[in-house]
Amino acid sequence: MRSPGFWFAAPVIAFLTLAFALPIGIVAWTSLMPPRTFDLSLPPTIANYTAAITEGYGRPLMWSVIGATFTTLVTMLLAWPTAVILHRHAGRWAIVVAILIALPVFISESVRLFGLSVFLMPRGGILAGSLQAVFGLQIGSIQNSWPGALLGMVYIHFPFMLFPLILGISLIPKDRIEAARDLGANRWQVLCEVELPLAAPGLAIGALLTFVLCLGANAEAAILGGRAVTVITAAIEQRFGYAQDWPAGSALTVMVIAITAAIVLPVLARLDFDRLTKR
Amino acid sequence: MTRLVMTLWVGALVTLLYVPIVSVVLASLANTRYMRFPHKDWTTSAYAEAIASHTTWQIHIISLNIALSVSVLAVILGTLGAMAFARYDWRGQGWFRRILVLPIFFPQPVLGLALLLSFTAAGIPPSWKTAVIAHLVWIVPIVTLVVSIRLFGYDVAQEEAASDLGATRWQVFKEVTLPQLAPGIVSGGLFAFLLSWANLPLSAFTSGADTPLPVWLFTRTATNYSPLVPAVSVIGTVVSAGIVLLAIAALALIRRRT
């Protein structure tokens with residue numbers, strides 16, 4: 001007889017097999033069908049992949065990878081000092097600030113991105129309009145540009161970096177830092193040789209989460225970027241919808257999934273869940 | 001770092017996080033074809049128009065259907081999953097934990113598109129029900145983790161005591177394990193509701209002709225500005241907060257009675 005753990009896991013495993021693994025399999029299979037067909041029983045071909053590379057779909061993929069890398073780095077730089085302050089110095093304020101930062105996550109992305117867009121809107125926007133009315137200043141706007149979309153991505157994904165990072169920083173024993181200082185290490189050395197390696201699990205989770213979520217991010221480019229650049233999700237959507245070319249859309253989807261898997265799987269395989277939870 | 005610098009840093013960050021939310025509220029207090037801030041006429045007439053509009057009600061009801069179904073199903077699956085994730089040690093647990101978190105580390109629009117293709121290939125027309133399935137793929141793992149937090153540091157001895165005293169497996173689960181898990185299950189359910197209510201990327205591709213609130217707002221924002229958008233944004237957010245507060249109040253009342 002199997003252990004109770006297996007039976008409790010079974011419904012979840014069954015659900016994820018049907019609604020997560022199977023769809024990925026179907027997309028992978030569709031990507032091997034000849035271009036512009038709707039039949040799934042044709043002989044497989046790699047025509048869609050060669051077309052994806054030669055027909056310039058490398059570009060949207062590149063924009064998404066650049067955007068995801070940029071957002072991961074910027075949120076990391078913003079979140080590290082914040083996490084250090086909240087964990088070590090904020091005392092009983094830490095929980096209040098943490099809740100204040102977490103709350104917006106439960107407000108729809110549509111609402112928050114719309115808010116950012118009315119704030120940044122040229123001329124009549126909240127920022128431009130107020131500056132004009134109060135100081136008579138006229139300013140430009142980064143709305144409808146790639147920097148606008150990047151700002152939106154940093155804004156939306158900051159909490160996803162911060163909370164794993166707080167977890168990571170809580171894994172650093174305080175006496176380790178003091179010991180390093182006593183032995184003559186400067187601030188930079190303490191950061192690189194003590195804090196970063198010890199906080200690595202939290203850093204890895206935060207970076208993975210942010211990168212992967214940004215890789216598929218579409219709403220930021222649509223609302224704040226004004227489609228100044230086409231991100232990969234928008235390109236896939238075009239193939240599926242407007243172009244009615246499912247195999248081509250599937251091939252692009254598989255490429256995104258492959259990038260995700262190449263980054264997520266090695267990190268996840270090395271992550272020790274017991275160490276993260278049983279402190 | 002001095003105390004002042006730290007306070008300023010955190011204060012500035014939190015303020016910046018709320019700037020867009022305050023902006024939505026400010027934008028909702030006018031009813032003009034084009035946004036011109038500061039408004040000439042500050043008015044709440046956009047709210048009145050939004051409430052009178054049939055669409056507003058329709059998108060709320062669709063969002064409510066999705067979020068309630070997701071909460072119920074995610075709590076059931078997530079509680080079972082948490083038992084396997086954290087209560088028992090079993091062969092294969094390491095794999096189960098890694099597989100379970102995979103959907104969280106997956107680009108949501110890509111998941112939505114993959115599901116849309118699969119539903120269509122299977123001949124299932126996309127509707128709010130298919131959106132429920134899409135949300136569950138992402139939310140069940142989250143609820144499992146939330147409930148699991150209660151199970152770390154859980155004392156197995158109570159369960160053993162109950163079964164030594166002659167309780168059946170089901171009785172042990174119902175009388176000992178579930179009450180212990182209750183706070184985790186409640187938070188898991190609330191998380192599920194709020195995350196489903198707010199979700200855009202999964203709904204955008206899987207809800208078909210049934211447009212939930214975030215998708216309606218997104219399409220309107222991406223195409224053209226309308227004074228109804230900020231008003232409906234505020235209404236939608238207040239409604240979800242209200243439902244959650246009501247649920248918390250109701251649960252507190254039930255707890256006091258028993």
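**Exercise 1. Work out how many residues of chain A and chain B meet in this predicted model, and what the chain A side is made of.**

Solution. Start with the count: 72 residues of chain A are in contact with 65 residues of chain B.

**Exercise 2. Describe how α1(A) packs against helix α5 (residues 108-121) of chain B.**

Solution. Begin with the axes, which come within 8 Å and cross at roughly 80°. Angles of 65 to 115 degrees count as roughly perpendicular, so α1(A) and α5(B) are roughly perpendicular to each other. Now list the residues in the contact. From α1(A) come L22(A), P23(A), I24(A), I26(A), V27(A) and T30(A), while α5(B) brings A114(B), L115(B), L117(B), S118(B) and A121(B). Sorting them by class gives nine nonpolar, two polar and no charged residues.

**Exercise 3. Now step back and characterise the fold of chain A: which elements does chain A have, and what are its spans?**

Solution. Take the secondary structure to begin with: chain A has 14 helices and zero strands. Then turn to its extent, where the C-alpha trace spans about 75 × 70 × 35 Å along its principal axes. For burial, 44% of the 279 residues in chain A are buried. Last, check the contacts with a separation of 6 or more: 71% of them in chain A join residues 24 or more positions apart.

Conventions
Residues are numbered from 1 along each chain as its sequence is written. Chains are lettered from A and ligands numbered from 1 in the order in which they are written. This is a predicted model: local features need pLDDT of at least 70, side-chain atom pairs count only at pLDDT 80 or more; totals for chains, interfaces and linings use all residues. Two residues are in contact if their C-beta atoms, placed from the backbone, lie within 7 Å. Axes are lines fitted to C-alpha atoms, for helices over the stretch in contact, and angles run from 0 to 180 degrees between N-to-C directions. Helices (H or I, at least four residues) and strands (E, at least two) are DSSP runs, numbered from the N terminus. Angles under 35 degrees count as roughly parallel, over 145 as roughly antiparallel, 65 to 115 as roughly perpendicular and the rest as oblique. Ala, Val, Leu, Ile, Met, Phe, Trp, Tyr, Cys and Pro count as nonpolar, Asp, Glu, Lys and Arg as charged, and the others, Gly among them, as polar. A residue is buried if 20 or more other C-beta atoms lie within 10 Å of its own, exposed if 12 or fewer, and partly exposed in between; C-beta atoms are placed from the backbone.
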